[in-house]
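This briefing goes through a single protein chain by topic. Please keep the sequence and the coordinates at hand while reading.

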Amino acid sequence: MSLKDKAWNYLQREVLKRVDDKVILVESAIRRGTDSPSRMIEYEAVQLAAKSVKDWKDAVMLATDPKEPNRQPLADLYANLMLDNHLASIIDTRILYSQRSKFKLVDDKDKENTEISWLFERPWFRELIRHVIMSQFEGTKLIEFFETTEDGELANITEIPQSHFNAVKGVIMKTAGDANGWNYREGAFAGQYVQIGKNDDLGMLAQIAHVVLAKKLGFGAFLDYIDKYGVPPLFITTDREDDTRLKELINFAANFKRNHFMVGRGAETFTVGNIGGAGVAPHETLLKFCNDELSKRVLGGTGITDEKSFVGSAEIQFNLAKDRFEADKTMFEYVFNAQVKPILINLSPVYAPLANHYFKWDNTESLTQMQIIDTIQKFGSLYDIDPDYITQVTGIPILGIKQTAPIAIPAGGGDGKKK
């Protein structure tokens, strides 16, 4: 055995003496790729229960406890709020804009490397964009980078539920509400997690929860109104005073909706009343008011979601919303370059070229099909354009240049025949 091998064995023995057995087991599990905190968490079934303003206040209070924050009630509240279709739609508008935007990986000279950019055309990357932007609505998020494919690429990412991690302590808890857990900032699991947002971020949903809850109460009141007044009332007039006939008429009236007809005697009359629409107006006003408030907070205005908006006002509202879209993209760019890129480089040699590159959004404007055709017509009168390029951008095959033969007209009129 060489002197170098003896020295290496000695260092290994000395290091193992000073390392806790639990750390060795965790590290070996990581290297085997068999266990991660996300797989050891004890998940609970989702319970969709009605929420009230008191639930909102209690959830915020528990989540902001300076020593032992508990985000499980807040996570349950957020899951309930996202059942609102309007809120979910306008949040998706924010997220989908970034997910559909073009991006590139560039070097210090701003030159794109398409071979690296291709590595991020994966489902996990779209999911990462969603998690980063959703952190502005749901608060602090913790994303796990663990599972890889046989080729060394990242297979998928996993979000640790808010109820199962404590950002103040920096630990992942096996069950919700535990005091201790696995440290994701130091030790064996360091370098596998990205925390998005500060430790005490609650997100925008904590600020607009009361609007969604008021809307849900309005829906409940509307359903009560329909239950009481949605079906026209039935009036029965009779000159009979005996109890037997009165019980028969009551039974007839109870089954009238199912049978759609009644048979009377003598001077008995049956009248179906009318329902006015005035009772619906307060409920519609409340629901529209709540939707407008949500649109203003999330998108900056109501012009994009208002079905009766004018073209001019819709364009102005889109410009206001675009400021938020671009802010989302800028935030993701910062998170990726500062936090995600180092983890990917350490995760697999596949991402080693990222060391000399950084993520950047491609903000070049894309022309529509009609805009491309108009541009070709304008430039075609001044320059010679490559037919292959026209075929590439329009999808129209060009076989050649069409020749138009001139028509000769004889002098003096003649017989009018073509030569």
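The model is predicted. The protein has 15 helices and ten strands, and 32% of its 419 residues count as buried.

**Overall figures**

- The accessible surface of the protein comes to about 27,000 Å², and carbon and sulfur atoms contribute 56% of that area.
- Among contacts in the protein with a separation of 6 or more, 66% are between residues 24 or more positions apart.

**The three-stranded sheet**

- Three strands form an open sheet in the order S3-S2-S7, and their pairing is antiparallel.
- The edge positions are taken by strand S3 (157–160) and strand S7 (193–196); each has a single partner strand, so one side of each is left without a neighbour in the sheet.
- On average, neighbouring strands of this sheet are turned by 25° against each other, direction ignored.
- Four bridges connect strand S2 (residues 141–145) with S3 in the antiparallel sense, and Ile-143 stands opposite Glu-159 of S3.
- Helix H8 (residues 123–138) packs on the sheet and touches S2, S3 and S7. The direction of H8 makes about 160° with that of S2.

**The S1 and S10 pair**

- Strand S1 (residues 103–106) pairs with strand S10 (residues 358–361) in the antiparallel sense, over four bridges.
- Leu-105 has Phe-359 as its bridge partner in S10.
- In a regular strand, side chains alternate between the two faces of the sheet.
- In S1, Phe-103 and Leu-105 point one way, while Lys-104 and Val-106 point the other way. All four of these residues are buried.

**Salt bridges**

- The model contains 16 salt bridges.
- Which residue forms a salt bridge with Lys-141 with the closest N and O atoms 2.5 Å apart? The partner is Glu-159.
- That pair links distant parts of the chain, with Glu-159 in strand S3 and Lys-141 in strand S2, 18 residues apart.
- Lys-141 also meets the side chain of Glu-138 in a salt bridge, at 2.8 Å from N to O.
- Lys-141 counts as buried because its relative accessibility is 2%. Glu-138 is buried as well, with a relative accessible area of 16%, whereas Glu-159 counts as partly exposed at 28%.
- The side chains of Arg-245 and Glu-248 meet in a salt bridge with an N to O distance of 2.8 Å.
- Arg-245 and Glu-248 are three residues apart in helix H10 (residues 243–254), so about one helical turn separates them.
- Arg-245 counts as buried at 2% relative accessibility, while Glu-248 counts as partly exposed at 29%.
- Shared partners join the salt bridges of Glu-138, Lys-141 and Glu-159 into one network.

- A nonpolar patch on the surface consists of Val-46, Leu-48 and Leu-83, which together have about 340 Å² of accessible area.
- Leu-48 is located in the loop between helix H3 (37–40) and helix H4 (53–63).
- Is Leu-48 buried or exposed? Leu-48 counts as exposed because its relative accessibility is 58%, and the cut-off for exposed is over 50%.
- Asp-55 lies in helix H4 and counts as partly exposed at 31% relative accessibility.
- Asp-55 and Leu-74 are 19 residues apart along the chain, and their C-alpha atoms are separated by 8.7 Å.

Conventions. Residues numbered from 1 in each chain as written. Predicted model: local features only at pLDDT ≥ 70, side-chain atom pairs only at ≥ 80, totals over all residues. Heavy atoms only, no water. Pairing = 2+ DSSP bridges. Helix = DSSP H or I, 4+ residues; strand = E, 2+ residues; numbered from the N terminus. Axes fitted to C-alpha atoms, helices over the stretch in contact; angles between N-to-C directions. Contact = heavy atoms within 4.5 Å. Patch = residues over 30% accessible without salt bridge, like charges linked within 9 Å, V, L, I, M, F, W, Y side chains within 5 Å. Areas by Shrake-Rupley, 256 points an atom, 1.4 Å probe, with all protein chains shown as cover. Salt bridge = Lys/Arg side-chain N within 4 Å of Asp/Glu carboxyl O. Buried < 20%, exposed > 50% of the residue type's maximum accessible area, 1.4 Å probe, protein only.
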